[in-house]
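Subject: Structure handover

Hello,

Please find the structure below, followed by notes on what was found in it.

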Amino acid sequence: MLADATARSGGTATAIPQAPAQMTATERAAVVTVPVTPQPSVAPTGLAARCTRALLSPWSRLSLLLVLLAGAASSVLLFHPQRLLSNGWPPQLTGATAALVFAAAYGLCSVAFVPRPLLNLAAGALFGSQLGTGAALAGTVLGAGISFGLGRVLGQDALRPLLRGRWLRAADGQLSRHGFRSMMAARLFPGLPFWGVNYCAAVSRMRWTPFLLATALGSLPNTAAYVVAGARASSPTSPAFLIAMACIALPALGGAVVAWRKRHHLRAR
């Protein structure tokens, strides 16, 4: 049975067959279904689309990262956050609230290349050993997470194709496959720049969880030593101050010896 349903367009009419309500299985199988081929989507080629692709390209994002870091470093030179050591903390902020605000400021300052020992000493001088250690460690993890996120989003796509040298590929493989262990060693080993380790980890395929966890655990000894030294700086002959200074000096000396021996070994090869 055919229904005389017609679709009119431009003076033409097309008869559309309509299947009866009662149709056997054989008749249904005989119905031919014509597949509809989807039309390929056409990427926009206008000026706005080209500008968007250029702005989102890996090298554009890397340029944005460099501009952000340069601006952060310039703001540090302009505002001098080391004044915390001499001027103290605003008196209206006290207790846990002040520690939280300090941790946030610590994280931002560490992203802007402010030396962490200076910030750790300030934490001890302002909040004492216990609260200062907690605030400094929270700021350390926050700053590392911000740097890692910026490097991962803005720099990884542009820098990964440049990892062609043997040493660079070996370092990338170590960080990617053994993220927690590698980051723990990097945080415990003195002398490695905090920001440099963050961005190297961001370029690798290390995951967020081992990076942040290893940063917190590996940074704790050195952070606590500086905070205690800052808290007891008024009594430099106290046992706590002397122990803290020993905990700072001995790892630094050991790291220098290891670095020198490795350098000599590489030159001999």
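To begin inside the chain, N120 sits in helix α6; helices here are DSSP runs of H or I with at least four residues, strands are runs of E with at least two, and both are numbered from the N terminus. This is a predicted model, in which local features need pLDDT of at least 70 and side-chain atom pairs count only at pLDDT 80 or more, while totals for chains, interfaces and linings use all residues. Residues are numbered from 1 along each chain as its sequence is written, and side-chain values use heavy atoms, with hydrogens and water left out.

N120 counts as buried because its relative accessibility is 0%. Buried means under 20% relative accessible area, exposed means over 50%, and partly exposed lies in between, with a 1.4 Å probe and protein chains only. From N120 to L137 the distance is 8.8 Å, C-alpha to C-alpha, and the two are 17 residues apart in sequence.

Overall layout

The chain holds 12 helices and 2 strands. Along the sequence the pattern reads β-β-α-α-α-α-α-α-α-α-α-α-α-α. Of its 269 residues, 32% count as buried.

Contacts across the sequence

F148 is placed in helix α7, residues 129-159. With a relative accessible area of 0%, F148 is buried. Two residues from further along the sequence can be set beside it. W195 is 47 residues from F148 in sequence and 9.1 Å from F148 in space, C-alpha to C-alpha. W208, in helix α11, is 60 residues from F148 in sequence, with 8.4 Å between their C-alpha atoms. W208 is partly exposed, as its relative accessible area is 40%.

A70 belongs to helix α3, residues 58-79. Its relative accessible area of 42% makes A70 partly exposed. A70 and A112 lie 8.3 Å apart, C-alpha to C-alpha, and 42 residues apart in sequence.

F113 is found in the loop between α5 (95-111) and α6. F113 is not a glycine, yet has a positive phi of about 70 degrees. At 30% relative accessibility, F113 is partly exposed.

The second largest pocket

This pocket has a volume of about 520 Å³. Of its 26 lining residues, R116, P190, G191, L192 and N222 are the closest to its centre. On a 1 Å grid over the protein atoms alone, a pocket is an open set of points with protein on both sides within 12 Å along at least five of seven lines, whereas a cavity is a set where a 1.4 Å probe fits but cannot get out; lining residues have an atom within 4 Å of a point. Points are joined across faces, edges and corners, and the volume is the space filled by probe spheres set on them.

Which helices each supply at least two residues of the lining? They are α6 (116-127), α9, α10 (194-203), α11 (208-231) and α12 (239-268). The largest share, 5 residues, comes from α11. By type, the lining has 19 nonpolar, 5 polar and 2 charged residues. Here Ala, Val, Leu, Ile, Met, Phe, Trp, Tyr, Cys and Pro count as nonpolar, Asp, Glu, Lys and Arg as charged, and the others, Gly among them, as polar.

A surface patch

F180, L213 and L217 make a nonpolar surface patch of about 260 Å². Patches take residues with over 30% relative accessible area and no salt bridge, joining like charges within 9 Å and nonpolar side chains (Val, Leu, Ile, Met, Phe, Trp, Tyr) within 5 Å. A salt bridge is a side-chain nitrogen of Lys or Arg within 4 Å of a carboxyl oxygen of Asp or Glu. Accessible areas come from the Shrake-Rupley method with a 1.4 Å probe, and for residues only the protein chains shown count as cover. F180 lies in helix α9, residues 179-188, and is partly exposed at a relative accessible area of 35%.

Regards
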